[in-house]
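Welcome! Take a moment with the sequence and the model, and then we can walk through some of the details together.

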Amino acid sequence: MVVDMDTNETAVELTEAENELYDRQIRLWGLESQKRLRTAKILIAGLCGLGAEITKNIILSGVNSVKLLDDKNVTEEDFCSQFLAPRESLNSNRAEASLARARALNPMVDISADREPLQEKASEFFSQFDVVVVNGATNEELLRIDSICRDLGVKFIATDVWGTFGFYFASLQKHSYVEDVIKHKVVSNADKKKKYETVSIPTQRDVDYPGYSAWLEFDITAPSYLRKLKRNGPGVLLLSVLQKFRTAHQRDPSYKTRDADLELLRGIRDELLPNSLLSDEALGLIFAQISPAVAVVGGVVAQEVIKVVTKVEAPHRNLFVFDPETCAGYVETIEAK
């Protein structure tokens, strides 16, 4: 079915300066898509290195506004990958420290900071955004925010990076998008020899994305999934281990207590899935946020946000994992029970 997805959301007109600035993007994904971006309001919670990378890419795409939310202060560990906060901002609020450099990336985007704890934000706060991106939160908090966003019809993405390992989970509810379907059309039938040309037909798709609870209920020990673990690697198991560590200790593994935390991580791993393929070496790669992993995961998350806003191309469905040992990403489809 060929569709026209033009709605009131694309009634905004770009200024001459915006047309010039976003010329390359307009040629890439079209004027109407850029108009949708121009009206989008994005929340990015957690201004660690990953948050900074997502922020940079979203701002450069030309959205309407970006809210940076973080109640934590800049630490020396942030300087491994957090390029928006200058060195002299040590011990100051991460969101506020990131403002100046973020605004310099694109003066046409409204960028603001919020230093209140994410846990204190009620439903009304999230209603002002089109897409909410959260990193650095516990599963309990991610589930709370996702539930709010689903009630409000707001798209939600949970993401994080530990060392050279990262993930994101997309909770997009019922998402509509347009993709080009390639078909072959007969253009000549002379002398009983058919000639074809390739045509691209914009076609609307509608996909239901389950909530974050689908991941929390996912059974990595199920026999049917163990075969996938062997094929794709233990990335999904590592994600479970790290999130259980964060829930149990209300922090992430620290390089300052590396040996003790490795022992705790091994205990969680062996409790979840004894004799698994998740090696001690892989557990040793998850301390601090490393710039190359942040660049990959942050780039993928930002691209998914752009897909969601522009409604062009299918967003990944729905768990993305960046493996620390192979340095390759893959997508798992997590279904609701």
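## A loop asparagine to start with

Asparagine 275 has its place in the loop between helix 12 and helix 13 (280-283). Helices here are DSSP runs of H or I with at least four residues, strands are DSSP runs of E with at least two, and both are numbered from the N terminus. Is asparagine 275 buried or exposed? Asparagine 275 is exposed, with a relative accessible area of 79%. Buried means under 20% relative accessible area, exposed means over 50%, and partly exposed is in between (1.4 Å probe, protein chains only). The phi of asparagine 275 is near 60 degrees, a positive value in a residue other than glycine.

Before going further, please note that this is a predicted model, in which local features need pLDDT of at least 70 and side-chain atom pairs count only at pLDDT 80 or more, while totals for chains, interfaces and linings use all residues. Residues are numbered from 1 along each chain as its sequence is written, and side-chain values use heavy atoms, with hydrogens and water left out.

## The whole protein

Stepping back, the protein has 14 helices and 10 strands. Its radius of gyration is 22 Å, close to the 20 Å that the globule rule gives for 337 residues, so the protein is as compact as a globular protein of that length. The radius is taken over C-alpha atoms, and the globule rule is 2.2 Å times the number of residues to the power 0.38. Along the principal axes, the C-alpha trace spans about 75 × 50 × 35 Å.

Of the 337 residues, 51% are buried. Contacts (heavy atoms within 4.5 Å) tell you how the chain folds back on itself: among those between residues at least 6 apart in sequence, 64% join residues at least 24 apart.

## Two pairs of packed helices

Two packed helices are described by the angle between their axes and the distance between the axes. Axes are lines fitted to C-alpha atoms, for helices over the stretch in contact, and angles run from 0 to 180 degrees between N-to-C directions. The axes of helix 4 (residues 49-61) and helix 14 (residues 291-310) come within 8 Å and cross at roughly 40 degrees. That makes helix 4 oblique to helix 14. Angles under 35 degrees count as roughly parallel, over 145 as roughly antiparallel, 65 to 115 as roughly perpendicular, and the rest as oblique.

Now look at helix 11 (residues 235-249) and helix 12 (residues 258-272), which pack at an angle of about 120 degrees with their axes 9 Å apart. Helix 11 and helix 12 are therefore oblique to each other. Among the residues that meet are Leu237 and Phe245 in helix 11, and Leu264 and Ile268 in helix 12. This contact divides into eight nonpolar, two polar and three charged residues.

## Some buried residues

In helix 3 (residues 31-39), Ser33, Gln34, Lys35, Arg36, Leu37 and Arg38 are buried. They pack against helix 1 (16-21), helix 2 (23-29), helix 4 and helix 14.

Arginine 94, found in helix 5 (residues 94-97), is buried with a relative accessible area of 10%. Leaving aside neighbours within four places in sequence, arginine 94 is in contact with residues including Asp70 and Asp78. Asparagine 106 lies in the loop between helix 6 (99-105) and strand 3 (110-114) and is buried, at 3% relative accessible area.

Most residues other than glycine have a negative phi, and most peptide bonds are trans. Asparagine 91 has a positive phi of about 75 degrees although it is not a glycine. Asparagine 91 lies in the loop between strand 2 and helix 5, and at 58% relative accessibility it counts as exposed.

Which two residues does a cis peptide bond join? They are arginine 317 and asparagine 318, with omega about -5 degrees. Asparagine 318 sits in the loop between helix 14 and strand 9 (319-322).

How values were computed: Ala, Val, Leu, Ile, Met, Phe, Trp, Tyr, Cys and Pro count as nonpolar, Asp, Glu, Lys and Arg as charged, and the others, Gly among them, as polar.
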